[in-house]
Amino acid sequence: MMEELTFEGVPLGELTAPPGSPPAQQSTRPPAARPGSGPITVPPAAPAATMAEQLQRAHAAVLDTHRAISAWQLARTAMLTGTAEVLRTDGPYPTDDGPAPLPRHEIYDGTAAVLETAANALPGDGTGAIDLTWRNTVPDAPTALDAHPATGSGGPPLPSQWYVRDGDRVIAVVARHPQAPPWPRRPVPRYPRDPRPLARTSVERLSAAELDALAAGEFATVFGAAFDQRGLSPEALPAPWPARLLAEVTAIEPRGGVYAQGFLRATAHLTADERTATWPRLIVTASELLRVYAFHRGFHLCLPGARTTPLTDRPALVELFDTPAPQQAELRLEMEVTELGMVPRPYLIGDCRITGGGQLVAHLRDLGITLRERPGADLAFGLKREGCRRSAAGQWAVCSELVPAVAAEGNYRAHTLHDVRDLHGTAQVRPRLPRGDMLMLDRCRQAEIGAWREYRPGSWLASEHDVPEDPWYVRESGGALPQLALMEIALQPPGIFSGLLGVLGEYPDQDLTCRNLDGTARLLREVDPRGATVEQQTTLTSHTPLPGGLMHRYNFSLGTGGKPFYTGETVHGYFTPELLAQQQGLDGGRRVPPWLDRCPPPPAQVRHLDLREDTRLGHGRMALLEDTVLVPDGGVYGAGYLLCTKPVRPDDWYFEQHFFQDPVMPGSAGVQMLYQAAHAYALHTGLVDHLLPHPHFAIAAGEEVRWTYRGQILREHRQVRGEVHIREVHHDGRAVRILADGSVWRDDLRIYQVDNIAVQVTSARRNDRGEAG
């Protein structure tokens with residue numbers, strides 16, 4: 001039988017740390033153990049299943065014990081210093097020879113100080129509505145806070161609006177909100193962005209002790225190993241948190257809420273004070289809940305000395321009602337996250353309803369926080385710089401998620417592996433990564449490159465992409481991994497790598513666009529990367545200067561667990577407007593129509609299909625087929641043919657995401673359109689009837705697909721047409737394999753050619769969401 005473990009003579013299962021208890025009421029011996037946390041007995045002859053269950057219980061007990069020890073030690077330290085506050089220091093815990101810890105209640109909360117200054121200046125009875133706009137970052141320790149009424153165009157003061165200053169700097173502007181016009185409600189996007197954390201955790205609620213552990217910097221203890229930052233210097237660790245106001249966080253739903261960006265519930269105990277307005281403390285409490293969620297998402301992992309501060313230049317509304325919280329009342333908070341992002345720094349915006357005694361106390365709209373690095377920290381990165389972000393394998397990465405995010409929609413020119421800070425460029429359009437849900441590159445693990453703009457063949461980049469557990473492109477493709485996603489995961493690292501090698505320094509005063517020109521790819525084995533980290537390897541094989549641009553050829557490989565599953569090569573071109581305008585399509589500028597339009601008499605067996613509602617082929621963003629013509633024995637091989645036509649709509653989802661300031665339909669969407677055309681041919685000709693009702697379409701492993709792009713599709717174009725010629729169909733009883741070739745037209749110009757589209761169709765059960773598994 002396993003012996004019960006103890007710490008300082010106390011059974012580990014009994015260690016607890018009741019938050020907020022006064023020192024006189026705290027015992028040096030913690031309360032009794034919770035049910036199920038005592039000794040674990042494993043009978044010698046226990047069956048394997050019982051032993052596995054016992055081991056799982058043991059693992060859970062050890063984790064609870066670790067957390068309890070941390071919380072209890074903090075509580076005991078607080079008792080010895082004569083305060084019930086949990087203690088915190090700026091770095092490692094103090095030793096007997098080190099400095100005394102700083103009580104957390106003494107950590108200056110600049111945000112609270114600014115809001116209290118505003119509340120003292122703003123007249124009123126504590127109800128109504130208040131506009132709040134932060135103009136500058138709140139100092140850690142404001143020294144000269146005061147409030148002055150605003151003036152309008154040199155006229156008299158406006159008593160309803162106040163500036164809160166720290167010396168000469170305006171920190172915040174507060175004003176009474178008029179009855180009209182109403183506060184605008186943030187629209188719900190047609191396709192809410194998939195929330196993608198920087199680190200994964202299964203934690204869905206937080207006790208008071210766990211909140212205190214987070215304030216003490218124990219992020220890995222609470223959230224898991226993915227949050228481990230051991231090895232960083234003390235100044236690179238997150239900054240201390242002010243005193244806790246939340247009692248507990250009762251629910252964390254990362255995909256919850258109308259906006260699918262997160263929903264949280266929490267409780268707090270707010271002591272009333274007749275001399276101080278309540279609304280500043282309500283804002284600070286709700287901001288604390290946003291801070292907890294920001295760290296739950298792992299946003300702090302990409303910033304040295306991460307600290308939270310209010311989001312500037314984004315007005316918020318504080319609605320106060322006639323039900324102020326009585327003294328010691330329990331408040332309930334419901335926070336709906338409406339927006340989150342990474343640029344220019346990680347940020348969150350939410351709407352928070354606060355109730356007390358079943359009545360609405362306040363409604364905070366568009367409340368925002370941002371995470372920033374410690375003052376004076378250098379965010380430029382390089383091969384010899386110490387980073388603060390680990391790769392999935394636990395090594396320090398060359399750059400964090402912040403760099404690809406900036407490359408997608410920020411000031412990318414300031415981020416290079418060579419610390420080239422100012423390129424003195426004036427051009428607006430520069431090579432970018434896709435943004436939003438199309439961004440499929442997270443971290444750069446390692447790189448081997450030469451000098452800036454040397455473009456040495458053999459240079460390489462190792463990067464990573466954390467695939468969500470339920471990515472939108474699988475969800476909207478009936479549970480299948482589409483070629484669109486594989487191509488984007490493979491082809492985005494070459495795009496950023498060219499910029500890091502020096503492309504950002506080319507033609508700094510001319511717009512410079514990046515376009516994929518051609519490539520090949522082969523799926524080596526069937527793979528389901530959901531919830532896994534894909535390892536991206538990119539190697540430069542050649543560099544070709546051009547008049548008005550340049551071309552780079554790369555080899556690429558995708559893998560999981562050190563084993564590749566998708567390999568190929570590709571060519572990226574970087575073009576000034578003059579060189580890009582010379583693209584004349586695939587046929588030297590000649591108008592070569594689709595095969596069906598070239599048939600002298602129309603084929604006898606022609607079927608017209610409307611595939612807008614055929615969700616088996618894709619729905620949402622992956623619904624790429626509309627008006628379709630099918631010829632069972634048509635095409636250049638006489639084995640089958642399908643032609644699809646769809647209009648170009650200025651609001652098509654991909655224009656906003658591919659690329660910022662350079663909107664274009666991604667070539668991967670055109671390729672995916674042709675794959676879906678092959679799927680449609682199989683469904684509507686009876687080829688897969690024996691696999692119904694749930695045929696599962698997948699990329700055929702072992703086959704090499706080849707593509708060539710010689711044009712682009714922009715918002716002003718009229719239509720896209722795609723055709724596939726079925727070349728071969730193979731049956732083996734349990735599966736159908738289809739091989740086809742295809743092309744894509746922009747208006748009447750053929751711009752894409754895709755050879756050896758290989759599709760494997762099998763029968764699959766459906767999961768609880770109705771998707772093929």
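Biologist: What should I know about the model and its numbering before we start?

Modeller: The model is predicted, so local features need pLDDT of at least 70 and side-chain atom pairs count only at pLDDT 80 or more, while totals for chains, interfaces and linings use all residues. Residues are numbered from 1 along each chain as its sequence is written, and side-chain values use heavy atoms, with hydrogens and water left out.

Biologist: Why is E569 called partly exposed?

Modeller: Buried means under 20% relative accessible area and exposed means over 50%, with partly exposed in between (1.4 Å probe, protein chains only). E569 has a relative accessibility of 30%, and therefore counts as partly exposed.

Biologist: What makes the link between E569 and R553 a polar contact?

Modeller: The term requires a pair of N or O atoms within 3.5 Å, and within protein one must be able to donate a hydrogen and the other to accept it, while residues adjacent in sequence count only if both atoms are side-chain atoms. The side chains of E569 and R553 meet this at 3.4 Å. R553 is also among the residues in contact with E569 (heavy atoms within 4.5 Å), a list that leaves aside neighbours within four places in sequence and includes D518, T520 and Y554.

Biologist: Why is strand β12 described as largely enclosed by the rest of the structure?

Modeller: Five of the five residues in β12 (residues 316–320) are buried, so the strand is largely enclosed by the rest of the structure. A316, V318 and L320 point one way, and L317 and E319 point the other way. In a regular strand the side chains alternate between the two faces of the sheet. As for its partners, β12 pairs antiparallel with strand β5 (residues 128–134) over five bridges, I130 being the bridge partner of V318, and four bridges join β12 to strand β15 (residues 359–372), again antiparallel, with L317 opposite R365.

Biologist: What makes a group of residues a nonpolar core, and which residues have the most contacts inside the largest one?

Modeller: A nonpolar core is a set of buried Ala, Val, Leu, Ile, Met, Phe, Trp, Tyr and Cys residues joined through side-chain atoms within 4.5 Å. The largest has 72 residues, and those with the most contacts inside it are L206, V249, W279 and L364. Its largest share, 11 residues, comes from helix α5 (residues 279–296). W279 touches residues including I130, V318 and L320, not counting those up to four places away in sequence. A second, separate core of 69 residues includes M487, V534, L630 and V744.

Methods
Helices (H or I, at least four residues) and strands (E, at least two) are DSSP runs, numbered from the N terminus. Two strands pair if DSSP finds at least two bridges between them.
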